[in-house]
Amino acid sequence: LGVAVAGVCLLAAALTLLRTNEPAPHASRHIDWRRTFTELRDAWRAPIVRGLALTVFVDDVAFGILQVEVPVWMLERFGVTGFLVGAVWSAFNLASFGVTLALGAVGTDGREPRVVTLALGVQIVGLLLLLVGGAPWWTIACMAIAGASIGPIDVAMFSMLQRTVPPDRLARSNAVALMVVALGIPIGAVIGGLVAAAKPSAALALAPLMAVIATTIGKVLLRESPQ
């Protein structure tokens, strides 16, 4: 039933795009692979794009680990139902949504590296507290703390890209950064699945470790925000 509901939601999302026109309907549909790799190389050479992509990629590895590990860990430790697992991820995403709205009202211009560092610090705290929890409600609270970090990281990332990259290259740079970032979740899911098969608690400990590595990368590659 859950898979069917997800399918209906995806279908509804697809239907909303049926009457959406292409921005450039007369552009060539031929894929120029040489230009594609050239754009990838040029975007990757930009320090801000590279720094953001690597930082968020490593953090998304932690997120991929959590996606697999949290349900397995809760089932092993508490014997919980699917409802409580859903509540954990609802708390995670609602916290991200709320903090994103608040941060959007305040603005991050010139403070993005500090925002990323602070957000990753909050995430590390939430994930470390998760390891010592003794009840489902504790897990929900810790995941809400960790989830509060996701929105600020995304806001800071896109803000830096928008102010750094020339307008005619912004879409390509965004695509490169998001492509690299998106690889983190499936890689993390594979790592989490492999380790969880042997010891779920060890797999859960990998998530804050990856967040620490992401923080280190961000501190080194995102030393100051572009003006």
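How many cavities of 30 Å³ or more does the structure hold? The structure holds one, a cavity being a set of points, on a 1 Å grid over the protein atoms alone, where a 1.4 Å probe fits but cannot get out.

This is a predicted model, in which local features need pLDDT of at least 70 and side-chain atom pairs count only at pLDDT 80 or more, whereas totals for chains, interfaces and linings use all residues. Residues are numbered from 1 along each chain as its sequence is written, and side-chain values use heavy atoms, with hydrogens and water left out.

**Overall fold.** The chain has 10 helices and zero strands; helices (H or I, at least four residues) and strands (E, at least two) are DSSP runs, numbered from the N terminus. Of the 227 residues in the chain, 37% are buried, that is, under 20% relative accessible area with a 1.4 Å probe, protein chains only. Among contacts (heavy atoms within 4.5 Å) with a separation of 6 or more, 81% join residues 24 or more positions apart.

**Nonpolar core.** A nonpolar core is a set of buried Ala, Val, Leu, Ile, Met, Phe, Trp, Tyr and Cys residues joined through side-chain atoms within 4.5 Å. The largest one has 40 residues, of which Leu52, Leu66, Val70, Trp89, Met143 and Leu161 touch the most other members. Two or more residues come from each of α3, α4 (82–106), α5, α6 (136–147), α7 (150–164), α8 (170–182) and α10 (200–221), and α3 gives the most, with 13. Leaving aside residues up to four places away in sequence, Trp89 touches Phe63, Leu66, Gln67, Val70, Pro71 and Met143.

**Cavity and pocket.** A pocket is an open set of grid points with protein on both sides within 12 Å along at least five of seven lines, and lining residues have an atom within 4 Å of a point. Volumes are the space filled by probe spheres set on the points, which are joined across faces, edges and corners.

| Space | Volume | Largest share of lining |
|---|---|---|
| Largest cavity | about 40 Å³ | α3, four residues |
| Second largest pocket | about 190 Å³ | α7, five residues |

The lining of the largest cavity includes Asp59, Asp60, Phe63, Leu66 and Phe92. Both α3 (47–78) and α5 (112–131) supply at least two residues of this lining. The second largest pocket is lined by 15 residues, with Val56, Asp60, Ile150, Asp154 and Val181 nearest its centre. Two or more of the residues lining this pocket come from each of α3, α4, α7 and α8.

Notes: Buried means under 20% relative accessible area, exposed over 50%, partly exposed in between (1.4 Å probe, protein chains only).
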